[in-house]
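Here are my notes on the model you sent over. Have a look at it first, then go through the points below.

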Amino acid sequence: MRRHTSAVLAAALLTAGLTPLALSTPASAAVAKHYDDFNGDGNRDLAYGHYYQGISGADGWQGGAVNVVYGKAGGLDTSRTQVVHQDSPGVPGTGEEDDMFGESISSADLNKDGYADLIVGNPFEHVGSVEYRGSVTIVWGSRSGLSGGTNLTPQGGAAGHFGRDLATGDFNGDGSPDLAVIGGEEAWLYRGPFTKSGTTGSVSKIDKAGQGWYSSGLAAGKVNGDGKTDLVVLGTQFIDNKPTPRIWFLKGASGGLTSGASKTYISDPRTAAIGDFNKDGYGDIAVGLPDNNGGKGIVSVWRGTSSGPSGSMTYNQASSGVSGSPEANDDFGYAVSAGDTDGDGYADLVVGVPHEDVNGMEDQGGIHVFRGGSGGLSGARSSWIPQTVMGAADSHVSFGNDLRLRDVTGDGKADLGVGAAEVGVLLRGTSSVLTELPEMGGPFSD
C-alpha cells in the first residue's frame, strides 16, 4: 500500500540508566507550571515504562520500572536520566517478578510544592495474602528530581488491580490537583491536596449505582469550557443483562464530579484523548475502538459543547483523504493522543495502527496524523507516519502501539512520543532528525 510520509518529524535520543542530577533553581511554593516538571526548573520531563516489565534482576531490580528523562531549555537532556522502581531508595514496596510497576503512569504536583510528582500504578502487586490487590505509588518531585515515595491507600472495594489506570486534574476547581484511580472495576476520586505522610482530601467512588457499571479506563481534560477538569470513564454497563461497551462523561464541579451523558459503542473502547480540534473553546473526546468491525478499528470523536459532549464523528482508514484501507486486525485506534503539533491553535489527533501490514511486513504498524481545523478533524488534512522513519522496514514492530503528544521542547508545538515493540522514538515537529527512546517497554505518562 502507498503511504504519504509526514514531512515534519523529529526526536531527541533518550538514554537509560541512573545518573546524578544537577540541582535546579528552587521552585516556588505553588503548583508546578507543568504537571510533568519533576525538578521544578520550568522544563517538561518525560516518563515512560521501562522495557523490563516482569522478570529482571541484572540491574538490581525486578517487577517493572519507569524511565525518566529530565528536560532542559529547548528539549530533553539525555545526560540526566533516572530509573524509578520499587527497589529505589525511599520507594515503598519490593519489586517482584510478576509485578507490573509502571503499567499505568500519570503525574501532577499533588502536594503543591512547585515540583510535579510521578504517580505509578502496579495493578498486579500482591499485598499480604491478597493476590493482585494492586498499588499506586506517588514518587515525590524535588529540586534534585524524583526522590522517595508514598503508597496511596485503597478504599474498601478498590482492592483488585488497584492502579489499573490513572488520571489527574483539578476536578473541583479548588487549585489542588486531584487523582482518579481504577481499582476493583470501579473508579475512585482522591481529592487533593496530598501529603508525603499519606493523607489526602476526601475520597469517593465514581459509579452508576445499581446500574451494572464496570470501569476499565480513564481520560481527563477540559470539555465544557468552565475551567475545571472533566473526566471520561471507559467501561462496560450491563443493559438488559447484556454487557454493553460505553464511555461516561463526568463534569468537573465544586463537589468533585457530576454525572453527565454516556455513549454506547459496539466494541470496547480501549483509549481516549481530549483536545479542542475545532478551536471553539470546548474539548472534544476522541475514543479509540480498535476491535470495531473485526479489528479494522475506528476512532469516534464526541464533540464538546458548553453543556458537555454532544454529537459525534467517526474516522477510519476508509474516510475520505485517509491513506490506506481498513483491514481485519489492523487495530486502527489502538492508541490516540491529542495536541497542537503545528502551533496553529487547533489540537491535532494522532492515531496508532500498530498491527498494520505493509508491503508484506506483518504488524509493521504506523500512525495517522489528523490535523484540526475550523470544521474539526478532517481526513483531507491527514498524513501517514510509517514505521520506516525508524530505519529499515521490518515485521512485528507494532509502530504506534503507544502515543503521547506534548511540547517537550518549549517551541509551542507538540512533539510526538511513539511506542513500538521494545523501543520508542520521539518525533519533533520542526526537524527531520529521529533517535530512539531506548529500553521503552511500557506506556508514556499521561
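1. Let's start with the lining of the largest cavity: it splits into 3 nonpolar, 6 polar and no charged residues. (Ala, Val, Leu, Ile, Met, Phe, Trp, Tyr, Cys and Pro count as nonpolar, Asp, Glu, Lys and Arg as charged, and the others, Gly among them, as polar.) The residues in question are Ile138, Thr150, Asn151, Leu152, Phe194, Thr195, Gly198, Thr199 and Thr200. The volume is about 30 Å³, and the count is 1 cavity of 30 Å³ or more. A cavity here is a set of points, on a 1 Å grid over the protein atoms alone, where a 1.4 Å probe fits but cannot get out, and lining residues have an atom within 4 Å of a point. Points are joined across faces, edges and corners, and the volume is the space filled by probe spheres set on them.

2. Keep in mind that this is a predicted model, where local features need pLDDT of at least 70, side-chain atom pairs count only at pLDDT 80 or more, and totals for chains, interfaces and linings use all residues. Residues are numbered from 1 along each chain as its sequence is written, and side-chain values use heavy atoms, with hydrogens and water left out.

3. On confidence, the chain has a mean pLDDT (the predictor's confidence in each residue, from 0 to 100) of 90, and 90% of its residues reach 70 or more. Where does pLDDT stay under 50? That is residues 1-28, for which the model still has 101 contacts beyond four places in sequence (contact means heavy atoms within 4.5 Å).

4. S14 and S15 pair over 7 bridges, and arginine 246 stands opposite threonine 264 in S15. (Strands are DSSP runs of E, at least two residues, numbered from the N terminus; two of them pair if DSSP finds at least two bridges between them; angles run from 0 to 180 degrees between N-to-C directions of lines fitted to C-alpha atoms.)

5. Another open sheet of 4 strands runs S16-S17-S18-S19, also with antiparallel pairing. S17 (residues 284-289) is joined to S18 (residues 298-302) by 5 bridges, with valine 287 opposite serine 300 in S18.

6. Two backbone details to check by eye. The peptide bond from glycine 192 to proline 193 is cis, with omega near 0°, and proline 193 lies in the loop between S10 (186-190) and S11 (203-206). Aspartate 240 has a positive phi, near 55°, in a residue other than glycine; aspartate 240 lies in the loop between S13 (230-239) and S14 (242-253).

Technical notes
On a 1 Å grid over the protein atoms alone, a cavity is a set of points where a 1.4 Å probe fits but cannot get out, and a pocket is an open set with protein on both sides within 12 Å along at least five of seven lines; lining residues have an atom within 4 Å of a point.
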